[in-house]
Amino acid sequence: MRFVCMKNEVKQVSARSRMLRWCSIYLTERPLVFILAATVGLGAGCMAWLLKMAIRYISELVIATVHSVGPNWWLIVVPAVGILIVVFLLYKVFRVNVAHGVRHMQTDMEHHISYVPAKITYIPLVTSAITLGCGGSAGAEGPIAYSGAALGSTVSRLFKLSAPMAMLMTACGAGAGIAAIFKAPIGGALFTLEVLRMSRGAYGTMVLFVATLFAGLTATALGGFNLDMVFTQAVTYHTSIIPWAILLGLFCGLYSLYYSYIMKLVGNLLDLMKNRWIKGVVAGVLLGVTLLLFPALYGEGYDVMGKVLNGDFSAMTYGTVWNDGIDNDALRIFVIGLCILLIKCFSTSLSYNGGGVTGEFAPTLFAGCFAGYVFGTACNWLFGADLPVGQLAFMGMAGVMAGAIRAPFMAMFIVVEMSSAYSLLLPLAIVSGISFGVMRLFTSDSFFSKEMDRNNGVLHFIKAHAHKKA
């Protein structure tokens with residue numbers, strides 16, 4: 001038996017040697033990297049599709065018994081069970097921590113580290129599917145980006161690429177993961193450029209777009225060429241909405257400050273619990289309470305977002321305990337939407353920092369959707385405006401992502417590519433740019449850092465400069 005295994009290993013080594021020899025004869029490194037980038041994109045697209053299927057399958061098993069009229073008491077327990085299973089897998093089975101994947105990748109890029117273990121290609125996918133399927137109120141983009149980076153790193157080692165090209169392949173794998181999970185090739189490339197801050201010149205950028213394009217096309221094809229978020233109201237917009245888009249940008253910027261502050265506050269409080277099992281139970285139960293009160297917070301929330309965008313606001317109240325609290329239906333839905341807007345960052349931080357493996361971007365889209373809904377509905381009531389609430393909710397998605405994540409271009413293109421609503425790109429850009437500007441007025445720290453310094457933005461710089469002059 002041992003002889004057979006050694007013989008198979010020799011065959012694999014010889015096959016790899018022949019492949020490398022063929023590449024060295026017929027291909028130089030630079031054109032080879034283009035081929036490898038396309039391969040990594042294909043792989044990332046397949047992984048994203050498998051992750052989405054796994055999340056959907058687990059979610060359907062869990063929420064099959066959710067009643068339209070609450071309370072659904074067992075929702076308190078489910079997230080804690082999911083988080084504890086993930087903690088067990090990470091620390092007892094896989095023995096590696098893959099939470100906060102984007103934070104790890106930023107650190108690696110900053111220190112020019114291209115090595116990501118091959119086992120990271122599948123561990124984030126398994127643990128993220130369990131976390132989100134069991135109610136984690138977050139997204140899957142962080143784990144798939146980390147898995148994509150591991151795929152790019154593994155391919156670069158397999159073909160013995162030079163250190164700069166290995167670094168490029170790792171970054172391309174991360175961008176391909178984002179492109180695949182959102183079906184947004186441009187958004188995935190901008191994630192690598194804006195968030196990971198890859199700087200490889202024109203050649204590196206072209207390789208990156210090859211990887212993200214193949215990833216997005218692969219995920220779209222495997223998903224049946226269907227959009228994750230169909231927006232029927234995105235036909236066109238009237239120029240009269242531009243002033244309201246400016247105000248929405250200000251609102252999203254201020255909310256982004258609140259969102260990122262609460263995310264870090266809850267994360268720092270959870271970090272005070274040194275026992276990971278106790279932290280998982282506390283975070284899971286608290287998350288379960290938020291799901292009991294507002295089941296719309298369950299999982300990634302794409303179904304709820306899609307319904308809100310298209311005018312089905314009753315999706316917010318499905319299964320909630322507050323169905324009979326207020327006689328006026330419109331007012332009741334508005335109050336529930338406002339509560340979801342304020343609580344979303346709590347539930348996301350509990351999922352993200354409590355022991356689960358989740359992403360950071362989809363929650364900002366969800367929060368932005370509700371920010372646009374709350375803003376539009378309030379303006380219609382207070383000022384008698386006849387604003388298209390669905391379009392404002394759509395713009396708010398990009399606004400909060402741009403402000404909270406500090407990546408306005410990525411936010412703009414991810415949102416329009418997810419829905420193919422390119423006709424709304426101009427007001428979307430206005431909301432994203434203003435929201436990002438408001439955030440930078442007060443702070444310049446990163447969303448992915450643990451620090452909560454709010455005295456480092458443009459306003460602080462102006463005050464410090466004026467004080468120095470005086």
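What percentage of the 470 residues in the protein do buried residues make up? Buried residues make up 55% of them, where buried means under 20% relative accessible area, exposed over 50%, and partly exposed in between, with a 1.4 Å probe and protein chains only. This is a predicted model, in which local features need pLDDT of at least 70, side-chain atom pairs count only at pLDDT 80 or more, and totals for chains, interfaces and linings use all residues. Residues are numbered from 1 along each chain as its sequence is written, and side-chain values use heavy atoms, with hydrogens and water left out.

The protein has 18 helices and zero strands. Helices (H or I, at least four residues) and strands (E, at least two) are DSSP runs, numbered from the N terminus. Contact means heavy atoms within 4.5 Å. Among contacts between residues at least 6 apart in sequence, 81% join residues at least 24 apart.

Gly354 gives a local view. It lies in the loop between helix H13 (329-353) and helix H14 (361-383). Its relative accessibility is 0%, so Gly354 counts as buried. Val87 is 267 residues away in sequence, yet the two C-alpha atoms are 9.6 Å apart in space. Leaving aside neighbours within four places in sequence, Gly354 is in contact with Ile83, Leu270, Lys279, Gly280, Ala283 and Ser349.

Next comes the empty space. Rolling a probe the size of a water molecule over the atoms shows where empty space is left. The search uses a 1 Å grid over the protein atoms alone. A cavity is a set of points where a 1.4 Å probe fits but cannot get out. A pocket is an open set with protein on both sides within 12 Å along at least five of seven lines. Lining residues have an atom within 4 Å of a point. Grid points are joined across faces, edges and corners, and a volume is the space filled by probe spheres set on the points.

The largest pocket has a volume of about 1,200 Å³. Its lining holds 35 residues, and Ile63, Gly301, Tyr302, Asp303 and Val304 lie nearest the centre. Helix H2 (29-62), helix H9 (201-222) and helix H12 (302-309) are the elements that give two or more residues to this lining. H2 gives the most, with eight residues. By class, the lining of the largest pocket divides into 18 nonpolar, eight polar and nine charged residues. Here Ala, Val, Leu, Ile, Met, Phe, Trp, Tyr, Cys and Pro count as nonpolar, Asp, Glu, Lys and Arg as charged, and the others, Gly among them, as polar.

H12 also packs against helix H15 (residues 389-405), at an angle of about 140° and with the axes 8 Å apart. Axes are lines fitted to C-alpha atoms, for helices over the stretch in contact, and angles run from 0 to 180 degrees between N-to-C directions. H12 is therefore oblique to H15; angles under 35 degrees count as roughly parallel, over 145 as roughly antiparallel, 65 to 115 as roughly perpendicular and the rest as oblique. Met305, Val308 and Leu309 of H12 meet Gly390, Ala393, Phe394 and Met397 of H15. These contact residues divide into six nonpolar, one polar and no charged.

The second largest pocket has a volume of about 550 Å³. It is lined by 25 residues, of which Gln106, Met109, Glu110, Leu196 and Arg197 lie nearest its centre. Helix H4 (101-110), helix H7 (163-182) and helix H8 (185-195) each give two or more residues to the lining. The largest share, four residues, comes from H4. The lining of this second pocket has 10 nonpolar, eight polar and seven charged residues.

H8 is largely enclosed by the rest of the structure, because nine of its 11 residues are buried. Among them are Leu190, Phe191 and Val195. H8 is followed by Arg197, whose phi is positive, near 60°.

Most residues other than glycine have a negative phi, and most peptide bonds are trans. His100 has a positive phi, near 55°. It sits in the loop between helix H3 (78-94) and H4, and is buried, with a relative accessible area of 18%. Phi of Ser420 is also positive, near 60°. Ser420 is found in the loop between helix H16 (408-419) and helix H17 (425-442), and is partly exposed at 43% relative accessible area.
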